[in-house]
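The sequence and the model are shown first.

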Amino acid sequence: MSQQPISLPAKLINGGIAGIVGVTCVFPIDLAKTRLQNQRQGHQVYRNMMDCLIKTVRSEGYFGMYRGAAVNLTLVTPEKAIKLAANDFFRHHLAKDGKGLTVFKEMLAGCGAGMCQVIITTPMEMLKIQLQDAGRLAAQQRKPGIMSPTKLAATNTVLSRSYTASPAPGRAVSATQIARELLHTQGIQGLYKGLGATLMRDVPFSMVYFPLFAHLNNMGRSSANGTTPFYWSFVAGCLAGSTAAVAVNPCDVVKTRLQSLSRGANEESYKGVVDCVSKIMQREGPSAFLKGAGCRALVIAPLFGIAQVMYFVGVGEFILGQTPFNLLSA
């Protein structure tokens with residue numbers, strides 16, 4: 001990596017645009033991932049991703065697949081911007097005399113990016129998960145033999161009333177309501193529940209993803225002009241993203257369970273990461289840590305493929321008038 005100055009505003013614009021485009025494309029799969037991960041053995045509402053999406057459309061309508069998308073689209077811009085820009089920033093300052101980075105330094109840069117992004121990721125995931133999982137709880141409530149409306153357990157009365165209510169769009173709980181109630185009852189730490197689990201997921205993810213992407217992307221670099229075609233950056237982003245996503249999926253399952261405020265009857269609560277891992281192992285077995293792995297790979301692959309195309313094509317630099325727009329190279 002060269003020691004040329006980097007433009008932080010351009011990197012932030014690239015990351016923001018990439019996040020919005022990517023999330024819009026893959027959000028329904030992310031919703032299915034959350035609902036599948038929150039299912040307990042013996043109380044399944046959905047068999048697989050397609051079954052989840054079909055049942056969601058039937059019971060909640062097409063826009064039911066985008067429940068929680070508003071908070072994600074609002075916060076994904078700073079989240080992706082921080083993640084991609086931080087990695088670029090750390091790589092730039094870890095490079096010496098224009099020489100390439102060692103794998104250790106690439107992992108160190110990824111670690112720094114992962115630690116920076118959780119400032120936004122934790123509250124974003126916290127709010128998103130409540131909205132995404134509401135439909136699963138409502139479906140459990142309707143399914144005979146699983147639970148009754150009076151048995152719906154929740155840690156918060158506002159959330160409980162919202163989730164046991166009719167799923168009509170006009171009565172659905174909003175992210176603003178959840179955030180306001182959490183701040184009122186628990187303070188800022190309420191929005192940062194599951195911070196440790198989020199760090200446990202995002203730091204290893206970034207340590208795997210960024211070095212792997214850099215090496216895959218360099219494989220497509222032209223020896224003539226030293227640039228990489230945009231389609232190669234897309235493929236490299238997809239491969240690196242899906243690999244890293246599956247690798248840290250057990251951490252994502254733990255994070256999702258810890259951040260779910262409302263639970264059905266017979267769905268246990270957790271005191272922390274260790275307690276969550278222990279209970280999942282005892283009651284559901286090791287395979288439970290792979291729940292939603294396929295969905296997560298399908299979410300992350302195009303999300304980061306699109307992100308890297310936007311980022312390396314230099315949309316932000318073009319908007320700021322720093323470089324011409326060139327789709328054929330990155």
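## Ala85 and its neighbours

Ala85 touches Leu8, Lys11, Leu12 and Tyr311, not counting residues up to four places away in sequence; contact here means heavy atoms within 4.5 Å. Ala85 lies in helix 3, which comprises residues 69–94. Helices (DSSP H or I, at least four residues) and strands (DSSP E, at least two residues) are DSSP runs, numbered from the N terminus. Although Ala85 and Lys11 are 74 residues apart along the chain, their C-alpha atoms are separated by 5.4 Å. Ala85 counts as buried because its relative accessibility is 3%. Buried means under 20% relative accessible area, exposed over 50%, and partly exposed in between, with a 1.4 Å probe and protein chains only.

## Basis of the model

This is a predicted model, in which local features need pLDDT of at least 70 and side-chain atom pairs count only at pLDDT 80 or more, while totals for chains, interfaces and linings use all residues. Residues are numbered from 1 along each chain as its sequence is written, and side-chain values use heavy atoms, with hydrogens and water left out.

## Overall composition

The protein chain has 13 helices and 2 strands. Of its 330 residues, 55% count as buried. Among contacts in the chain with a separation of 6 or more, 78% are accounted for by residues 24 or more positions apart.

## Packing of helix 1

Helix 1 (residues 8–38) and helix 2 (residues 49–60) have axes that come within 9 Å and cross at roughly 105 degrees. Axes are lines fitted to C-alpha atoms, for helices over the stretch in contact, and angles run from 0 to 180 degrees between N-to-C directions. Helix 1 and helix 2 are therefore roughly perpendicular to each other; angles under 35 degrees count as roughly parallel, over 145 as roughly antiparallel, 65 to 115 as roughly perpendicular and the rest as oblique. From helix 1, the residues Pro28, Ile29, Leu31, Ala32, Arg35 and Leu36 meet Met49, Cys52, Leu53, Thr56 and Glu60 of helix 2. The contact of helix 1 with helix 2 has 8 nonpolar, 1 polar and 2 charged residues. In this classification Ala, Val, Leu, Ile, Met, Phe, Trp, Tyr, Cys and Pro count as nonpolar, Asp, Glu, Lys and Arg as charged, and the others, Gly among them, as polar.

Helix 1 also packs with helix 4, at an angle of about 70 degrees and with their axes 9 Å apart. Helix 1 is thus roughly perpendicular to helix 4. On the side of helix 1 the contact is made by Phe27, Asp30, Leu31, Thr34, Arg35 and Asn38, and on that of helix 4 by Lys128, Ile129, Gln132, Asp133, Gly135 and Arg136. By class, the contact of helix 1 with helix 4 divides into 3 nonpolar, 4 polar and 5 charged residues.

Gln39 is found in the loop between helix 1 and helix 2. With a relative accessibility of 3%, Gln39 counts as buried. Not counting residues up to four places away in sequence, Gln39 touches Gln44, Val45, Tyr46, Arg136, Arg257, Glu284 and Lys291.

## Lys83 and Gln117

Lys83, in helix 3, is buried, with a relative accessible area of 2%. Beyond four places in sequence, Lys83 touches Ala113, Gln117, Phe205, Ser206, Phe210 and Phe304. The side chain of Lys83 makes a polar contact with that of Ser206 at 3.0 Å. A polar contact is a pair of N or O atoms within 3.5 Å; within protein, one must be able to donate a hydrogen and the other to accept it, and residues adjacent in sequence count only if both atoms are side-chain atoms.

Gln117 is placed in helix 4 (residues 103–142) and counts as buried at 1% relative accessibility. Its side chain makes a polar contact with the side chain of Glu79 (2.9 Å). Leaving out residues up to four places away in sequence, Gln117 touches Glu79, Ile82, Lys83, Asp202 and Ser206.

## Cysteines

The structure holds 0 disulfides, a disulfide being a pair of cysteine sulfur atoms within 2.5 Å. The closest cysteine sulfur to that of Cys52 is in Cys295, at 7.4 Å, which is too far for a bond. Cys52 counts as buried, at 0% relative accessibility.
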